[in-house]
Each structure stands twice: as structure tokens, then as C-alpha cells.
Amino acid sequence: MGFSTCTNRKGVRAGAAVVASAVAVAATVWGVAALVEPGSAGAASRQSVSGPDGTDTSGGGRAGRSGPGQGIPEGIAHSSESGGNTVNITIDDGPDPRWTPQVLDVLHKYDVKATFCMVGPHAKAHPDLVKKVVAAGHRLCDHTMDHDTTMDKKPVDYQERQILDAKKLIEEAAGNGAKVEYYRAPGGAFTPDSRRIAAANGMRPLGWNVDTKDFQKPGTAAIVDAVKREIGNGPTVLFHDGGGNRAQTVEALDQVLAWLRDQGRPTGFPVRTAPDAP
């Protein structure tokens, strides 16, 4: 359901201080057995920002050092790999047999590519939808196994299982060698360890700039207005195709993409291998 982007930390490494600041965003909390539509409390101060050199400042912003993640920064990405005024559309919590096909139809209507942040068991349950997402040219993102918004308080081995087990399920569902290219922590529960694990396994930690709050079902107009109001914060926009009734999201996404087209703003994918832009 709703998420924010990252946990801010202050750490000391090799004689240099790395300082993080936070931007409050709303989050939805849901567990394995039940979905809960929360208010805006509980996820504040989890949105990281970039330093003047374009790197993440929430601590541990080293590049992945070996294996499949070589060259993948650990810093949380917000900017677009295409630069300029490109907008990144991201879709969380699916795949869902009712809403994911409708979201795909809207994206196809405007020839827009998006990043789908999937929950591992949902991907396993609906491999046909994962394959459709990949076949349409969209990218995959790991959103853990259980959408545990308290992951930042759990042991490292637990975080690793949540991340890597979900990656395995999503890639198995996708088939044909498709890879998960991003990792988004549920509820903004990023840690230096989870970001390191993701980067070392080829997944760029992924944040956002625009919280549509569509998980609260505030009405189509409110979702669209949130995008127009907050797009100045940065290019990565969050929508959901899972976790509840997403009729308002589907309608709002259609209107937002029409508006972006009229504004002459292209769409693309979040940065993966380069430092995030300031």
C-alpha cells in the first residue's frame, strides 16, 4: 500500500561525516494476513534527499562492490535516467488480477513505460501479469515478501531474506531471464544494510518525490491535483495497483498521463547506475 522512500541516518565512516535530512511522506501499513488503510502517521522522516554532488546522503551510499550489483549505487534513486523534465511513473503493491491489467491498458494508451514494484508472493500467484508487465517494456522492482513496514527494526538476515526471496519469486514469474532492477522498501523502511543488499544484487534502491496518496482513496481529482502540486519536488511519482480498490488510481493515472503529454513532459525510468541528481 502506501510507502515513503527512505530512512535518514547519520553515520561516521573513514573520517567523513555523512548527514541526512528528511521529508515527511504518508505511508500505508499492511501485513501478511490483512490490509490496513492507515492515515498519514507513522511514515514521516523517511524520505531521503541528495547531496550537492548528487549522491544520497542517508548513509552508506557506496556503490555495489561485486557480483551482479557491481556499479549499482546504494544511494536511493529519485531522478530520471533520461534527465531533463522526464517523469518516472512507479506502480506499487501488485500485481493484482483486477487492477494491474487496467493500469497496463492506461500506460499503453499513452505509450508510457513504468516501474512496477511487486510483492513476491503476489508475483508468484500471478506470473501471467508479471510476464505482461515485462513484455510491455516496463521494469521490475522488488517490494519484499511480506510488505513489512518495520523491516528497519529487524535483523539483517531477515531483511536479506525479505529482499532476495522476493527477487527470486518475481524473476521466476517473469521468466526469460528478466531481471528485477530496483528495490523499494515497504513503508520507507530502508536501512544501510537493505540498500547494500539490494545494490550488491543488481537492484537500485528506489525512492519517490510525489506521493499521490491514492491508497487513501481521496478521489480521482485529489490524486491528480497531488501530482500537479508536487511534481516540482522531483520526477518520481507513486501510484498503486494493489492493496485495495484502485479504481480512482486508474482514472487518475489516465488524467495525469494526458496532462503530462499536454505539458510536453516525457516519461522514463529512474536512474540505476549513476548517482542520483540533486
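Visitor: At what angle do the axes of helix α3 and helix α4 cross?

Guide: In this predicted model, the axes of α3 (residues 127-135) and α4 (residues 156-174) cross at roughly 75 degrees. The two axes come within 7 Å.

Visitor: Are they roughly parallel or roughly perpendicular, then?

Guide: Helices α3 and α4 are roughly perpendicular to each other.

Visitor: Which residues make the contact?

Guide: On α3, the contact is made by Pro127, Val130, Lys131 and Val134. Helix α4 contributes Ile170, Ala173 and Ala174. Six residues of this contact are nonpolar, one is charged, and none is polar.

Visitor: Which residues of α3 are buried?

Guide: Leu129, Val130 and Val133 are the buried residues of α3. They lie on the same side of α3, because the arc they cover around the axis is only 100 degrees.

Visitor: Why would residues some places apart point the same way?

Guide: An α-helix has 3.6 residues a turn, so residues three or four places apart point the same way.

Visitor: What do the buried residues of α3 pack against?

Guide: Their packing partners are α1 (99-109), β4 (115-118), α2 (120-125), β5 (139-142) and α4.

Visitor: And what follows α3?

Guide: Gly137 follows α3, and its phi is positive, near 90 degrees.

Visitor: Changing topic: how many disulfides are found in the whole structure?

Guide: The search finds zero disulfides.

Visitor: What about Cys117: buried or exposed?

Guide: Cys117 is buried, its relative accessible area being 0%. Cys141 also counts as buried, at 0% relative accessibility.

How values were computed. Residues are numbered from 1 along each chain as its sequence is written. This is a predicted model: local features need pLDDT of at least 70, side-chain atom pairs count only at pLDDT 80 or more; totals for chains, interfaces and linings use all residues. Side-chain values use heavy atoms; hydrogens and water are left out. A disulfide is a pair of cysteine sulfur atoms within 2.5 Å. Buried means under 20% relative accessible area, exposed over 50%, partly exposed in between (1.4 Å probe, protein chains only). Axes are lines fitted to C-alpha atoms, for helices over the stretch in contact, and angles run from 0 to 180 degrees between N-to-C directions. Helices (H or I, at least four residues) and strands (E, at least two) are DSSP runs, numbered from the N terminus. Angles under 35 degrees count as roughly parallel, over 145 as roughly antiparallel, 65 to 115 as roughly perpendicular and the rest as oblique. Contact means heavy atoms within 4.5 Å. Ala, Val, Leu, Ile, Met, Phe, Trp, Tyr, Cys and Pro count as nonpolar, Asp, Glu, Lys and Arg as charged, and the others, Gly among them, as polar. The arc is that of the directions from the helix axis to the C-beta atoms.
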